[in-house]
Amino acid sequence: MLILTGMVSSCKESLDVKNPNQPSSEAMKTESGLISFGLGVYVSGFKNIKFYDGVPGYFWSGAIGNHELMGDVIGTDIANIFINQIGCPDQVTLDDGSVLLNPNSPNKQIEFIRITANVNSTGYQNSTYYEWGYMYNLNNACNTILANVDAITYTGNADVKKGLLKAWAHWWKGYAYSRIGSMYYAGLIVDASNGENLNGTNGKYVTKEAMITEANRNLDEASRILGTLTEGDDYTTTMQGLIPSFNRVGKGGVLTPAMWQRNIATMKARNILVNTKVSEMSAAKWAEIKTLTDNGIRATDFVFTGRTNTNGDFLAPTTGSVSAKTAGTSTYKITERLIQDFKAGDQRFTNNFKQRASTYIGEVARGNAFFTRWELIDRGSVPGDSKVIQFANQTAGGYELFLAGSYEENALMQAEALIYTGNIEGGLALIDAVRIAQGASLAATVGKGLTLAEAKEELRRERRIGLLFRALSFYDARRWGVIENGRTGVVALSRAGIVSTNATIKYNYLDYWDVPDNEITYNAPTEGSAAVKNPK
């Protein structure tokens with residue numbers, strides 16, 4: 001497996017990468033060393049893969065950029081690691097009947113991925129590799145923690161410290177497997193670390209469904225352990241050792257065991273929702289989502305967040321996230337389809353977006369849907385206004401990145417379950433609550449007699465806006481059938497900048513990516529493995 005593990009030691013304000021290949025065996029034998037290594041998941045899981053292209057960036061700007069490109073909230077004509085082709089629809093039909101075809105060669109995303117991008121000879125230009133590589137890097141770090149946690153002598157309450165480290169490892173393993181199972185057609189269940197086994201992997205590929213099952217098993221184990229822990233100085237100190245201080249700001253902080261369990265419930269609800277087409281959701285699945293979100297993240301809970309710092313130890317202020325790479329005139333461009341989803345009077349639009357001085361057309365030979373009149377404002381039109389959410393802030397520590405679940409996501413999943421099972425008013429109340437929390441200043445939808453179709457439309461809009469840049473847009477487009485069936489009645493521009501308001505886009509994106517060829521070449525499937533290539 002192509003994994004590069006990170007070893008870090010920390011001070012309160014930075015993550016200092018010391019060894020990008022193997023953890024120090026001596027460090028693993030001490031309490032402080034293992035906690036420091038646990039802190040390092042922020043680097044090993046989201047930053048520390050060598051040779052990644054600097055234009056898209058690391059995990060939260062590059063790998064997640066693929067999600068937001070295919071979710072059609074951003075676009076780009078930047079060709080580095082083929083990101084323009086990852087987010088290029090098959091065709092755009094404008095109001096006058098003219099058709100803009102994908103100008104790339106081969107000129108369909110699925111064909112391009114298989115012929116050009118996802119081949120081992122492409123090496124580190126394979127944009128489909130990075131989410132896989134990062135998540136198995138993260139998984140390996142967790143395996144290293146679990147391999148060493150029981151052999152250490154602890155000060156203070158050993159049971160609490162040992163339990164916390166185990167919960168930490170199982171939480172992030174569950175997270176990594178959730179992302180693999182939600183993006184790739186197959187995956188690997190790997191419980192050996194590089195420290196135990198020089199291969200650190202196996203060739204037994206399992207289905208994406210089995211990956212989600214294993215993800216949930218790890219999440220459940222983390223929750224079980226948390227249920228046995230008591231709060232106190234040892235709990236707090238250990239958590240502070242695992243979460244860097246610059247991530248313990250705003251909604252980020254020292255989660256209590258109960259808060260953490262609610263974060264787990266939200267993640268499990270996500271695993272069901274994003275991996276099931278709406279048309280295939282059963283009453284039992286809606287009921288399970290309802291139960292999980294009932295026990296999910298509350299508005300006052302701490303969650304897992306990321307922040308920038310001056311050194312860019314975890315996230316660099318101007319390049320570390322999709323948001324940072326979109327603000328102003330940067331790598332990514334805001335799409336016309338995102339802007340049209342805002343309702344009139346939404347202060348989140350007013351405070352975060354403005355019309356560009358001139359329409360952006362860019363390199364027309366590289367795509368057909370990134371042309372735009374809009375840009376994302378760094379720090380909003382009223383910097384420091386805490387009443388309205390900021391979608392971008394390029395100052396050190398300014399942008400709050402949600403690494404996993406959030407109150408808004410939990411509320412909107414619960415709203416969707418209610419709406420689809422007949423409680424339209426209950427679902428709308430939750431949509432209204434999210435808009436209030438983000439300072440949208442929109443009129444309430446409750447009590448207006450909205451039909452089922454109208455309630456679904458409110459939900460669709462709110463997930464795209466209220467969960468912007470949280471790596472959910474592609475999942476939603478996939479489960480709603482948008483990448484398969486296209487989208488009608490959209491705003492799109494011609495290559496001359498002429499605005500169409502009733503255009504049609506056919507995306508035809510691969511719904512689950514094939515296992516990266518970089519992996520298969522060096523770790524061939526063994527007998528009995530699941531298929532590693534999506535039949536689509």
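Residues are numbered from 1 along each chain as its sequence is written, and side-chain values use heavy atoms, with hydrogens and water left out. As the model is predicted, local features need pLDDT of at least 70 and side-chain atom pairs count only at pLDDT 80 or more, whereas totals for chains, interfaces and linings use all residues.

Rolling a probe the size of a water molecule over the atoms shows where empty space is left. On a 1 Å grid over the protein atoms alone, a cavity is a set of points where a 1.4 Å probe fits but cannot get out, and a pocket is an open set with protein on both sides within 12 Å along at least five of seven lines; lining residues have an atom within 4 Å of a point. Grid points are joined across faces, edges and corners, and a volume is the space filled by probe spheres set on the points.

The largest pocket holds about 670 Å³ of space. Its lining comprises 30 residues, with Val388, Ile389, Gln390, Glu400 and Phe402 lying nearest the centre. Strand 12 (401-402) and helix 15 (407-420) are the elements that give two or more residues to this lining; helices (H or I, at least four residues) and strands (E, at least two) are DSSP runs, numbered from the N terminus. The lining of the largest pocket has 13 nonpolar, 8 polar and 9 charged residues, where Ala, Val, Leu, Ile, Met, Phe, Trp, Tyr, Cys and Pro count as nonpolar, Asp, Glu, Lys and Arg as charged, and the others, Gly among them, as polar.

The structure also holds 3 cavities of 30 Å³ or more. The largest cavity has about 90 Å³ of space, and 17 residues line it, of which Gly75, Gly87, Pro89, Ala369 and Phe370 are the closest to its centre. In the lining of the largest cavity, 8 residues are nonpolar, 7 polar and 2 charged.

Helix 15 also packs against helix 11 (residues 283-294): the two axes come within 9 Å and cross at roughly 145°. Axes are lines fitted to C-alpha atoms, for helices over the stretch in contact, and angles run from 0 to 180 degrees between N-to-C directions. On the side of helix 11, the contact (heavy atoms within 4.5 Å) is made by Trp286, Ile289, Lys290, Thr293 and Asp294. Helix 15 contributes Asn410, Met413, Gln414, Glu416, Ala417, Leu418 and Tyr420. By class, this contact has 6 nonpolar, 3 polar and 3 charged residues.

Helix 1 (residues 31-39) is mostly covered, with 8 of its 9 residues buried; buried means under 20% relative accessible area, exposed over 50%, and partly exposed in between (1.4 Å probe, protein chains only).

Most residues other than glycine have a negative phi, and most peptide bonds are trans. A cis peptide bond joins Ser105 and Pro106, with omega about -10°, and Pro106 is found in the loop between strand 5 (99-101) and helix 5 (109-117). Asp72, in the loop between helix 3 (59-70) and strand 3 (74-75), has a positive phi near 60°. Asp72 is buried because its relative accessible area is 6%. Ala471, in the loop between helix 17 (452-466) and helix 18 (473-479), has a positive phi near 65°. Ala471 counts as buried, at 1% relative accessibility.
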